[in-house]
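Biologist: I have a new structure on my screen and would like to learn how to read it. Could you walk me through it?

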Amino acid sequence: DHESGRTTLAGGFNMFEAVKSAKDGLGVAQAAAQKFERPIPDKNQIEKARRELETLVRKGLLHRKEGRAGGADGGIPTRYFVVVHQEGGVSDDNPF
């Protein structure tokens, strides 16, 4: 659904496509919320999403931009982005 920013496929959720459609990258909690269709995912769901994102990082399909811990200003969560090739193209190597 373009308006809500959700990507779904017949037969299940596709993490790569969810990150690819996220204009400003995708955080772990956002990824878990989309994957499990819950506004506030629980700790186990967040960890499952993190593992799936990290698998895509290890495959070279995603890049992780580290966040920073909170404090007076809050914090910035780690975000995941699709790898962009030097030619400027986005990876089409959808692993699903």
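Modeller: Gladly. Let's begin with a term: two strands count as paired if DSSP finds at least two bridges between them. Please keep in mind that this is a predicted model.

Biologist: Then which residue of β3 does L62 stand opposite?

Modeller: L62 faces V82 across the pairing. Elsewhere in β3, Y80 is the bridge partner of R64. β2 and β3 are joined by 4 bridges, and they pair in the antiparallel sense.

Biologist: What is the order of the strands in the sheet?

Modeller: The order is β1-β3-β2, in an open sheet of 3 strands with antiparallel pairing. The edge strands, β1 (26–27) and β2 (62–65), each pair on one side only. Between β1 and β3 there are 2 bridges, again in the antiparallel sense. Here L26 has Y80 as its bridge partner in β3.

Biologist: And how should I read side chains along a strand?

Modeller: As a general idea, side chains in a regular strand alternate between the two faces of the sheet.

Biologist: Which helix lies across β2 and β3?

Modeller: That is α3, and its direction makes an angle of about 115 degrees with β2.

Biologist: Now the interior. What should I look for there?

Modeller: In soluble globular proteins, nonpolar side chains tend to be buried together. In this model, the largest nonpolar core has 16 residues, and V19, L53 and L62 have the most contacts inside it. Two or more residues come from each of α1 (15–21), α2 (28–36), α3 (43–58) and β3 (79–82). The most come from α1, which gives 4 residues.

Biologist: Which residues does V19 touch, leaving out those up to four places away in sequence?

Modeller: V19 touches L26, L53, L62, Y80, F81 and V82.

Notes:
Residues numbered from 1 in each chain as written. Predicted model: local features only at pLDDT ≥ 70, side-chain atom pairs only at ≥ 80, totals over all residues. Heavy atoms only, no water. Core = buried A, V, L, I, M, F, W, Y, C linked by side-chain atoms within 4.5 Å. Buried < 20%, exposed > 50% of the residue type's maximum accessible area, 1.4 Å probe, protein only. Contact = heavy atoms within 4.5 Å. Axes fitted to C-alpha atoms, helices over the stretch in contact; angles between N-to-C directions.
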